[in-house]
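Hello,

Here is the structure I promised to pass on. Please have a look at it, and then read my notes below.

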Amino acid sequence: MVTVDGGALEQLGKRVRAGGAEKYHAANAAKGKLFARERVALLVDEGSFVEDGLYANALADGLPADGVVTGTATIDGRQVCLMANDSTVKAGSWGARTVEKIIRIIERAYDTGVPMVYLVDSAGARITDQVELFPGRRGAGKIFWNQVRASGSIPQVCALFGPSAAGGAYIPAFCDVVAMVDGNASMYLGSDRMVEMVTGEKTTLEAMGGAKVHCGESGVGHFLCKTEAEALDVVKRYLSYLPANWTQQPPTAEAVEAPAKADLAALVPASERQAFDMRRYVKGLLDEGSFFEIQALWAKELTIGFGRLNGEVVGVVGNNSMFKGGVLFVDSADKATRFVQLCDAFNVPLLFLSDVPGFMVGSAVEKQGIIRHGAKMITAISEATVPKICVVVRKAYGAGLYAMAGPGFEPDATIALPTAKIAVMGAEAAVNAVYANKIAAIEDEAERAAFVAAKRAEYEQDIDVVRLASELVIDTIVEPHELRAELIRRYTAARSKDRHFSRRRHGVTPV
């Protein structure tokens with residue numbers, strides 16, 4: 001039997017906590033990267049971290065904690081579980097005990113019903129240890145199995161500081177949101193050398209899987225951060241809007257008024273052809289300073305994020321005509337789908353702010369599967385049982401009405417502003433669709449213009465918002481300055497709604 005006296009154990013603990021060799025610390029510092037334990041200290045409440053598996057692989061040479069820090073802590077007084085790759089230890093690569101530590105901490109988060117935080121900076125699996133870490137029942141696949149099981153049960157958030165390579169790239173992919181540090185963070189299934197060997201393509205890790213690529217093009221990343229401190233702040237802010245687990249309600253904050261200078265009526269142009277920034281509208285409607293936008297750089301025609309109304313958390317989905325006219329594309333449909341499911345999982349009421357011309361049409365988007373992706377979005381809207389309110393700010397045309405939780409999707413209310421229009425399509429398109437031949441046959445330009453104007457006026461009268469209210473298509477019409485108070489009252493009334501949806505195990509998603 002081997003025994004360790006107190007002094008030797010203390011020295012061993014110091015060596016383990018110091019991480020890898022000094023040259024690796026220096027190399028990281030030169031890139032603006034913090035030590036894994038420094039990241040943990042910046043994130044959690046002082047003195048709250050309790051580490052597990054400190055002595056993992058302690059008998060091996062040069063593998064302190066086997067390259068990963070795991071344990072429990074509090075963030076702003078709320079309990080979390082976390083893991084942090086130590087990139088000073090074999091570039092944060094995974095060995096068998098690394099994998100076991102990660103599995104155990106996710107299992108603990110799930111079993112205790114607290115959020116799981118991933119601080120990722122890893123070169124992937126150690127090929128030399130593949131038999132021990134890769135294929136078995138407690139191998140790397142069990143990490144992802146546990147993440148999938150925990151999804152929607154507990155919040156999972158990732159801050160990515162360096163690479164997340166090969167199979168390890170799926171740790172961020174299974175998280176609710178991913179914050180990536182620009183210049184250092186990357187995700188990729190195969191390295192640039194492997195890509196060239198397999199496909200002949202010459203590329204770089206940054207061009208293929210850097211933070212800008214994933215936050216602006218692929219949509220796998222959600223927040224592009226300039227510094228590690230900013231990424232850690234994203235983790236804190238994200239968790240501040242969510243409950244510890246699916247059985248609890250989101251945390252309430254002190255009620256704050258909307259910005260005093262916000263004039264919602266002035267933000268919406270009278271002409272449909274004139275764009276406006278839905279993000280400004282959202283900020284003017286919610287509690288001041290509370291809007292937390294998610295995926296701001298990807299599929300910008302749709303704005304999503306958390307905010308608060310009178311201190312209560314809501315999830316916002318709004319069309320932004322500043323980008324692509326607010327038309328829904330493949331990516332924006334996916335963006336909405338995932339966010340709606342996130343809010344529904346964690347009991348966050350949904351607010352839809354509609355200014356949508358509909359889904360994009362044409363051969364390019366049809367080949368991309370716009371129908372399939374639109375069906376996913378409409379499925380998510382249908383299945384969401386949290387309180388949801390649809391506000392038609394300016395227009396809701398075609399299937400865009402359905403995708404924005406229109407009357408047929410059992411919203412707790414459909415509210416129209418005086419500027420609202422609901423129709424299969426806009427007046428100009430409708431008149432052209434019905435009367436194209438007749439318009440073409442009118443040779444006199446003035447007569448043609450008068451005919452078109454008359455038919456447009458008829459169409460506008462047919463879809464008049466007061467008529468829609470009289471037919472109970474919409475529940476009420478409110479002035480912009482009354483909208484915030486109306487929403488607060490209606491969400492309060494809907495808080496105790498029954499949330500059963502369908503007699504089944506689960507639906508078949510139109511993937």
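A word on burial to begin with: a residue is called buried under 20% relative accessible area, exposed over 50%, and partly exposed in between, with a 1.4 Å probe and protein chains only. The model is predicted, so local features need pLDDT of at least 70 and side-chain atom pairs count only at pLDDT 80 or more, while totals for chains, interfaces and linings use all residues. Residues are numbered from 1 along each chain as its sequence is written, and side-chain values use heavy atoms, with hydrogens and water left out.

Salt bridges first. With a salt bridge taken as a side-chain nitrogen of Lys or Arg within 4 Å of a carboxyl oxygen of Asp or Glu, the count comes to 27. One of them joins the side chains of Arg39 and Asp121, at 3.3 Å from N to O. This pair links distant parts of the chain, 82 residues apart, with Arg39 in helix H3 and Asp121 in strand S4 (residues 116–122). Helices (H or I, at least four residues) and strands (E, at least two) are DSSP runs, numbered from the N terminus. Arg39 counts as buried because its relative accessibility is 1%, and Asp121 is buried at 1% as well. Both belong to a network of salt bridges that also takes in Lys33 and Glu228.

Another pair is Arg394 and Asp355, whose side chains meet at 3.2 Å, N to O. Arg394 sits in strand S13 (residues 388–397) and Asp355 in strand S12 (residues 350–356), 39 residues apart. Arg394 is buried at 2% relative accessibility, and Asp355 is buried at 0%.

What about Arg108 and Asp52, whose side chains also meet in a salt bridge: how far is it from N to O? The distance is 2.9 Å. Here Arg108 lies in helix H4 (residues 96–112) and Asp52 in strand S1 (residues 50–52), 56 residues apart. Arg108 counts as partly exposed at 38%, and Asp52 counts as partly exposed at 25%.

Now back to helix H3 (residues 36–43): its axis and that of helix H11 (residues 228–240) come within 10 Å and cross at roughly 45°. Axes are lines fitted to C-alpha atoms, for helices over the stretch in contact, and angles run from 0 to 180 degrees between N-to-C directions. Angles under 35 degrees count as roughly parallel, over 145 as roughly antiparallel, 65 to 115 as roughly perpendicular and the rest as oblique, so H3 and H11 are oblique to each other.

Best wishes
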